[in-house]
Amino acid sequence: TLRPCSPLRDGDRAMRVACAGLGLALLLAVGRATETPSTQQLERFLRWFDSVGAQRANVTVAAFPEPLGLGIKATGNVQAGSEILRVPLAAVMSRDTIVRHPSASGARKAIAAEQDDESVIVVFLLLQRMLGEASPWAPYMAVLPEHAPSTLSWSDAELNATAAAFPTLAEQARDRQEAARELASSWVR
């Protein structure tokens with residue numbers, strides 16, 4: 001459930017929210033795609049969002065001018081402390097929901113053994129990208145940022161540059177990348 005920290009008027013962008021759990025709405029509130037999703041992609045996402053049982057009260061997802069990107073926009077007046085979004089746990093990408101998801105059936109042991117939740121989510125996102133339109137998450141995937149800052153996506157050059165000043169960080173990043181590659185390969189066998 002997301003609630004605004006201060007009242008919102010019609011058209012306001014809801015950036016400051018109190019969150020009782022991480023969910024796809026929070027990702028949208030901070031995410032920024034390389035290209036702003038089209039109106040059709042946003043409409044398709046909202047239909048999907050509603051179809052998974054999510055609820056919105058006087059807010060919608062909207063594209064804002066750069067550098068803001070996607071966010072939650074008030075479509076009516078919203079009082080401070082009132083619920084603006086409710087997202088069912090099944091529609092949140094977490095270790096628990098991923099383990100139960102049909103597309104992860106071949107990887108349950110690998111997921112259970114993986115210690116790093118971020119790696120599990122990243123590999124699941126990659127799997128959903130590979131599935132393309134066949135993924136039940138396709139409308140959501142279409143509005144996600146193309147790139148999110150993570151040491152998992154650092155190139156060798158970035159790791160080498162980091163190693164000079166922060167050798168432990170670079171080593172941990174390499175270890176996480178290797179663990180993610182192993183996890184990914186166990187999912188696509």
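Biologist: Starting with Ala179, what is its relative accessible area in this model?
Modeller: Ala179 has a relative accessible area of 26%, so it counts as partly exposed, a class that lies between buried (under 20% relative accessible area) and exposed (over 50%), computed with a 1.4 Å probe on protein chains only. Please keep in mind that this is a predicted model, in which local features need pLDDT of at least 70 and side-chain atom pairs count only at pLDDT 80 or more, while totals for chains, interfaces and linings use all residues. Residues are numbered from 1 along each chain as its sequence is written, and side-chain values use heavy atoms, with hydrogens and water left out.

Biologist: And where is Ala179 found?
Modeller: Ala179 belongs to helix H8, where helices (H or I, at least four residues) are DSSP runs numbered from the N terminus.

Biologist: Which residue does Glu178 form a salt bridge with?
Modeller: Its partner is Arg181, with the closest N and O atoms 3.3 Å apart; a salt bridge here is a side-chain nitrogen of Lys or Arg within 4 Å of a carboxyl oxygen of Asp or Glu. Because Glu178 and Arg181 are 3 residues apart in helix H8, about one helical turn separates them.

Biologist: How many salt bridges does the structure hold?
Modeller: There are 5 salt bridges, and one of them joins the side chains of Arg174 and Asp156 at 4.0 Å, N to O. That pair links distant parts of the chain, with Arg174 in helix H8 (residues 167-187) and Asp156 in helix H7 (residues 156-165), 18 residues apart. Arg174 is partly exposed at 31% relative accessibility, whereas Asp156 is exposed at 54%. In another salt bridge, Arg56 meets Asp50, and their closest N and O atoms are 2.9 Å apart.

Biologist: Changing topic, how many aromatic pairs are there?
Modeller: The structure holds 7 aromatic pairs, counted when rings of Phe, Tyr and Trp (its six-membered ring) have centres within 6.5 Å, with planes under 30 degrees apart called stacked, over 60 edge-to-face and the rest tilted. Phe45 and Tyr140 make a tilted pair, 6.2 Å centre to centre with 35° between the planes. This pair also links distant parts of the chain, since Phe45 is in helix H2 (residues 39-51) and Tyr140 in helix H6 (residues 138-141), 95 residues apart.

Biologist: Are Phe45 and Tyr140 buried or exposed?
Modeller: Both Phe45 and Tyr140 are buried, and they belong to one aromatic cluster together with Trp48, Phe49, Phe124 and Trp137.

Biologist: Which residues of H2 are buried?
Modeller: The buried residues of H2 are Leu42, Phe45, Leu46, Trp48 and Phe49. They cover an arc of only 160° around the axis, which puts them on the same side of H2; the arc is taken from the directions from the helix axis to the C-beta atoms. The face turned away from that buried side carries the exposed residues Thr39, Gln40, Arg47 and Ser51, and just after H2, Gly53 takes a positive phi of about 95°.

Biologist: Lastly, what is the mean pLDDT of the protein chain?
Modeller: The mean pLDDT, the predictor's confidence in each residue from 0 to 100, is 74 for the protein chain, and 71% of its residues reach 70 or more. Over residues 12-34 pLDDT stays under 50, and there the model has 64 contacts beyond four places in sequence, a contact being heavy atoms within 4.5 Å.

Conventions:
Helices (H or I, at least four residues) and strands (E, at least two) are DSSP runs, numbered from the N terminus.
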